[in-house]
Amino acid sequence: MAFWNRKKTDSQPGTGEGLDLSRLPRHVGIIMDGNGRWAKKRGLPRTAGHAAGAESFRTIAYYCKDLGIPYLTVYAFSTENWKRPMEEVSAIMNLLQNYLLEALEKMERDGFRVHFFGDLEGLPPKLRDLCLRTLEEGDALDGTRFQVNVCLNYGGRDEILRAAKAWAADVQAGRQTPEALTDELFSRYLDSRGVPDPDLIIRPSGELRLSNFLPWQSAYAEFYFTDVLWPDFGPAVLDQALIDYQRRQRRFGGV
Ligand code: IPE
Ligand code: IPE
Ligand code: MG
């Protein structure tokens with residue numbers, strides 16, 4: 001499909017060349033940023049940027065799965081993104097709905113499941129129901145080796161506060177004690193329970209910040225920043241990020 005003069009250099013297929021497939025990150029996080037600027041550069045409405053960004057997401061998710069990366073977490077809509085104009089928010093919600101319908105159709109055939117990080121209570125009821133259905137149907141599948149976590153109405157501080165409230169409620173009910181709280185136990189109250197911490201977090205679009213993405217889980221993540229805008233982000237750019245990651249020495253506070 002000819003898609004609004006996409007910049008071919010960045011969306012070239014990845015080859016995995018130069019990658020050590022035995023040392024891939026287990027979990028990659030991506031802040032899918034730059035859709036609006038991509039559209040603006042082309043004189044298109046911001047919503048066209050979000051549509052192009054959704055295509056990048058589809059391509060990258062399948063590429064991660066094919067490489068053998070077991071977990072991919074993408075930042076799709078933050079707790080702060082409600083500040084945007086209503087038309088833009090609705091367009092994003094519509095794209096998400098279409099993606100989930102597609103996922104429901106393809107999950108079993110393609111062997112993946114979808115989880116959600118974020119407060120689903122704050123979503124339009126139709127989208128929330130679709131999330132719950134996608135979650136349930138995906139979890140019922142056997143032997144899937146690839147999980148996509150979609151951060152929707154997600155904010156890291158909100159996630160930590162909801163976890164703290166749930167833990168406090170358990171203390172009040174006598175199911176937990178303050179003395180027993182550990183890093184590992186608290187992690188089980190987060191939306192990311194059961195998912196290993198991200199090894200690599202990628203932010204396209206040139207911004208050098210986390211914007212409330214996985215602050216707890218990223219304590220020892222490696223970061224990769226690139227000026228490429230998300231709609232231009234293809235497998236070849238992911239290869240570069242992975243090669244860069246594999247060159248680094250992670251010390252986790254040791255020597
Ligand atoms: C990221 O692209 C998508 C969302 C936040 C939903 P932006 O819409 O933030 O694009 P820029 O940063 O304005 O270019
Ligand atoms: C972060 O991007 C949120 C998502 C990509 C969903 P933003 O565009 O909202 O972040 P800021 O405003 O540049 O920090
Ligand atoms: Mg942005």
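The model I'm looking at is a predicted one.

**Entry 1, the largest pocket.** I looked up which element gives the most to the lining of the largest pocket, and H2 does, with eight residues. H2 covers 46-67, and the other elements that give two or more residues are H1 (35-41), strand E2 (71-78) and H3 (86-110). I noted a volume of about 780 Å³ for this pocket. Its lining has 35 residues, and the closest to the centre are Met32, Asn35, His50, Tyr75 and Ala76. I sorted the lining by class and got 15 nonpolar, nine polar and eleven charged residues.

Where does ligand 2 sit? I found that the space it takes is the largest pocket. The residues around ligand 2 include Ile31, Met32, Tyr75, Phe77, Asn81 and Ser211. E2 gives the most to this shell, with three residues. By class I have five nonpolar, two polar and four charged residues in the shell.

Next I checked oxygen atoms of ligand 2 against side-chain N or O atoms. Asp33 has such a pair at 3.2 Å, Arg84 has one at 3.3 Å, and Arg203 has one at 3.3 Å. Taken alone, ligand 2 exposes 390 Å², and the protein buries 78% of that.

I count 15 lining residues for it, with Asp183, Ser187, Val195, Asp197 and Trp216 nearest the centre. The lining splits into six nonpolar, four polar and five charged residues.

Key:
Residues are numbered from 1 along each chain as its sequence is written. Chains are lettered from A and ligands numbered from 1 in the order in which they are written. This is a predicted model: local features need pLDDT of at least 70, side-chain atom pairs count only at pLDDT 80 or more; totals for chains, interfaces and linings use all residues. Side-chain values use heavy atoms; hydrogens and water are left out. On a 1 Å grid over the protein atoms alone, a cavity is a set of points where a 1.4 Å probe fits but cannot get out, and a pocket is an open set with protein on both sides within 12 Å along at least five of seven lines; lining residues have an atom within 4 Å of a point. Grid points are joined across faces, edges and corners, and a volume is the space filled by probe spheres set on the points. Helices (H or I, at least four residues) and strands (E, at least two) are DSSP runs, numbered from the N terminus. Ala, Val, Leu, Ile, Met, Phe, Trp, Tyr, Cys and Pro count as nonpolar, Asp, Glu, Lys and Arg as charged, and the others, Gly among them, as polar. A residue is near a molecule or strand if one of its heavy atoms lies within 4 Å of it. A polar contact is a pair of N or O atoms within 3.5 Å; within protein, one must be able to donate a hydrogen and the other to accept it, and residues adjacent in sequence count only if both atoms are side-chain atoms. Accessible areas come from the Shrake-Rupley method with a 1.4 Å probe; for residues, only the protein chains shown count as cover. A molecule sits in a cavity or pocket if more than half of its atoms lie within 2 Å of its grid points.
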